[in-house]
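Here's a quick tour of one model, taken sheet by sheet and then out to the core and the chain contacts. Have the viewer open as you read.

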Amino acid sequence: MSAISDYRKREESVTMSAESVGESHELLTLNIGPHHPATHGVLRLIATLEGEVVRDIKPIIGYVHTGIEKTAEQKQYWKAIPVVERMDYLSYYFNAMAFCGAVETLLGLEIPPRAQYLRVLHMELNRIMSHLVWLGTSALDLGAMSMFWYCFRERETILDLFEMSSGQRMHTRYFQVGGVIEDIPVGFAEKVQAFVDDMPTRADQYADLLEKNEILLSRLRDTCTLDAESLLGLNVTGPLLRAAGVPWDLRKATPYCGYEKFDFKIPVGTVGDNYDRFRVRHAELYESTKIIDQALNGLPEGPWIADDRKVVLPPRHELATSMEALIHHFKLVTEGFRVPEGECYFPIEAPRGELGCFVRSDGSSKPARVHMRDPSFVNLQATAPMVKDSYIADLIATLAMVDPVLGGVDR
Amino acid sequence: MPDQAGLEAIAQELRAADASSVLGTTFDRGRAEVQIDPAKNVAVIELLREKGFTFLASLHGVDYYPEEPRLGVVYELLDMTAIDRISVKARVSIDDPKIATVTKIWPGADFPERELYDMFGVVFEGHDDLRRILMPEDYEGFPQRRDFPVGGEPVLFTYNETDQYGKDR
């Protein structure tokens, strides 16, 4: 069997729901992706078109499935953090937070306030970073090329901050079970402050560039609207749901990690079209900046990681003087810590919606099951009802506004 | 989360509707869970939906190897008005892993159910399009099961691409 016929054979089970349209027309089945810049990753869409109108799409995923959930089962809890971070590669702090939060709940570990503030600070920087990538690439899809450079300029600033606090630009492994690995370095606060002061002006500039752009507006306004009820049925969360007017944000609804101490608003849209999706995320840039400002200026003094030596690595300097610290260090690095039996589902508000980490512990030092409810994976299902009976050009715009990260979809 | 008493009250109500539907309850570290009979998952979920748990936050699988029934199907339900969560768990055996679909209630359960089928081999009866989602279509086995080995599959390189999975190419 040739490679081509084998490929077709694998597609046999993909059924298209669109009906035939009579004698004068015929439906065209068009393959988009998996390697196409507009799919924002390795997403493949089989689109059924009637002329230029999309009648049905079938997303085919799994091209970057790397079995991270299975891999995490083979690792000790603290060694699973780096693999878990690599799921949704634009929101690594959130992945780490969901996993660490679940493990901390199972352990019953108390997190010091400074660690919580540092976590919030980094998560909100990450949210801005993720939204900037979304804004830049989406605008690129809609023909606004210069936006990409402006957004990536600010993203670079954030990545520099991540590098400063943890040594890594992406997949930082900054969050640990119990807190964060290190206190922020000297000079970090000033740089974050400079960024916070700068960011609202930058966001204003993005708005100036895009908001009055006739082409952009006509491509976004009233395109691919989906009402809140359908979105809730599809289990969609995050900016997509908020764009349809549902003010659902886990940071407000069930505050975790000390979010109840921060003053911020939840931007919501009105009708749930692509324009609202764009506006909601853009408005979140300002709100996240506000949270970072509060976290930075209200940063409490104290330890940045819990003081439980059975779970948390001892400080480096103690290894040279304390035998006990050395033993703890050795045990933690070789065997890892054991987590009492139980199950936990820890949901947080990631840039794309509810990111829930389910961890089952069987009492050993490795998790018996790790599952990530990734918002991209669930939200991707909403694309088909959104783009049904709209133009194929709007399909590209909608896909950009849904903002799926394929690393998170396929895990 | 409902507290211990709240969870018992919900379980009582479910039992009142159908005495055999609830197999047990667990309240552990703030997480309320109801274990149910897999044959009655749709009825239980419909009842919980009427009580306000209208949003399916997550649907995932667990393998309790070597305990039987091995496979757990977990529904994380969310009440967006009262801001409450409850987990519903149905356990199915490895020999006959069948459970009714909830895609009729939530169309968004489509992908998670396909993932569960793909990874654990749980068959969702009534699902319109139950096929593998993340693994290749011609893949054999269910990789997230605990007895599925890691590294049991050779990595495909040019020199061995005709030996294993690509032999018909």
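Two strands count as paired if DSSP finds at least two bridges between them. Helices (H or I, at least four residues) and strands (E, at least two) are DSSP runs, numbered from the N terminus. A word on the source: this is a predicted model, where local features need pLDDT of at least 70, side-chain atom pairs count only at pLDDT 80 or more, and totals for chains, interfaces and linings use all residues. Residues are numbered from 1 along each chain as its sequence is written, while chains are lettered from A and ligands numbered from 1 in the order in which they are written.

Strands 8 and 9 of chain A pair antiparallel over nine bridges, and a hairpin of two residues joins them. Strands 9 and 10 of chain A are also antiparallel, with six bridges. Their hairpin has five residues between the strands, and in it A:Gly363 takes a positive phi near 95°.

Here are some partners across these strands:

| Residue | Partner | Partner's strand (chain A) |
|---|---|---|
| A:Pro347 | A:Gly356 | strand 9 |
| A:Phe358 | A:His371 | strand 10 |

Strand 9 of chain A is mostly covered, with nine of its nine residues buried. Buried here means that 20 or more other C-beta atoms lie within 10 Å of a residue's own (exposed is 12 or fewer, partly exposed is in between; C-beta atoms are placed from the backbone).

**The 1-4-5 sheet**

Chain A has another open sheet of three strands, antiparallel and in the order 1-4-5. Its edges are strand 1 (28-32) and strand 5 (53-60) of chain A, and the twist averages 20° from one strand to the next. Five bridges link strand 1 of chain A to strand 4 (residues 44-50) of chain A, with A:Leu28 partnered by A:Leu49.

**The core and helix 5**

Which residues have the most contacts inside the largest nonpolar core? They are A:Val84, A:Ala98, A:Phe99, A:Val103 and B:Leu77, in a core of 161 residues. Helix 5 (residues 113-141) of chain A gives the most to this core, with 14 residues. A nonpolar core is a set of buried Ala, Val, Leu, Ile, Met, Phe, Trp, Tyr and Cys residues joined through C-beta atoms within 7 Å.

Helix 5 of chain A is mostly covered, too: 25 of its 29 residues are buried. After this helix comes A:Gly143, with a positive phi near 95°.

**Where the chains meet**

On the chain A side, 40 residues are in contact with 31 residues of chain B; contact means C-beta atoms, placed from the backbone, within 7 Å. Strand 8 of chain A gives the most to the side of chain A that touches chain B, with five residues.

Note on methods: Axes are lines fitted to C-alpha atoms, for helices over the stretch in contact, and angles run from 0 to 180 degrees between N-to-C directions. Two residues are in contact if their C-beta atoms, placed from the backbone, lie within 7 Å.
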